[in-house]
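Hello,

Here is the structure for you to look through. Please open it alongside my notes below.

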Amino acid sequence: MTEKRKCPKCRAAKLLPIMYGYPMEEALEGARRGEIMLGGCVVHGNDPQWGCAACGTRFLEDDGGGLLPSEGPWGKKVPPL
Ligand SMILES: [Zn+2]
């Protein structure tokens, strides 16, 4: 369903869509399978939509479809689920 995109930083084809909000069972299952990332319940309004499973960088998608690395309070590593 979701096309695999490449990480602009480490070139791994492991960009995953980040899902926000309280995770339903379906989202948890997807995260366990490595299909999505969980962004947490709190939405700030300008949150990255993509996360790299290889290097942990999260990215904002701009209007042209480009990906901008997003430095946030989550740091470099995404904690393991
Ligand atoms: Zn990466």
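Strands S4 (residues 58-61) and S5 (residues 67-70) pair antiparallel, over four bridges. Bear in mind that this is a predicted model. Phe 59 stands opposite Pro 69 in S5. Five residues separate the two strands in their hairpin, and Gly 65 there takes a positive phi near 90°.

S4 has another antiparallel partner, S3 (residues 50-52), joined to S4 by two bridges. Here Phe 59 stands opposite Trp 50. S3 and S4 also make a hairpin with five residues between them. Gly 56 sits in that turn, with a positive phi of about 85°.

Next, the core. Which residues make up the largest nonpolar core? There are 10: Cys 7, Leu 15, Leu 16, Met 19, Ile 36, Met 37, Trp 50, Cys 52, Phe 59 and Leu 67. Strands S1 (15-20) and S3 are the elements that give two or more residues to this core. S1 supplies the largest share, three residues. In soluble globular proteins, nonpolar side chains tend to be buried together.

Two residues link these notes.

Best wishes

Note on methods:
Residues are numbered from 1 along each chain as its sequence is written. This is a predicted model: local features need pLDDT of at least 70, side-chain atom pairs count only at pLDDT 80 or more; totals for chains, interfaces and linings use all residues. Two strands pair if DSSP finds at least two bridges between them. A nonpolar core is a set of buried Ala, Val, Leu, Ile, Met, Phe, Trp, Tyr and Cys residues joined through C-beta atoms within 7 Å. A residue is buried if 20 or more other C-beta atoms lie within 10 Å of its own, exposed if 12 or fewer, and partly exposed in between; C-beta atoms are placed from the backbone.
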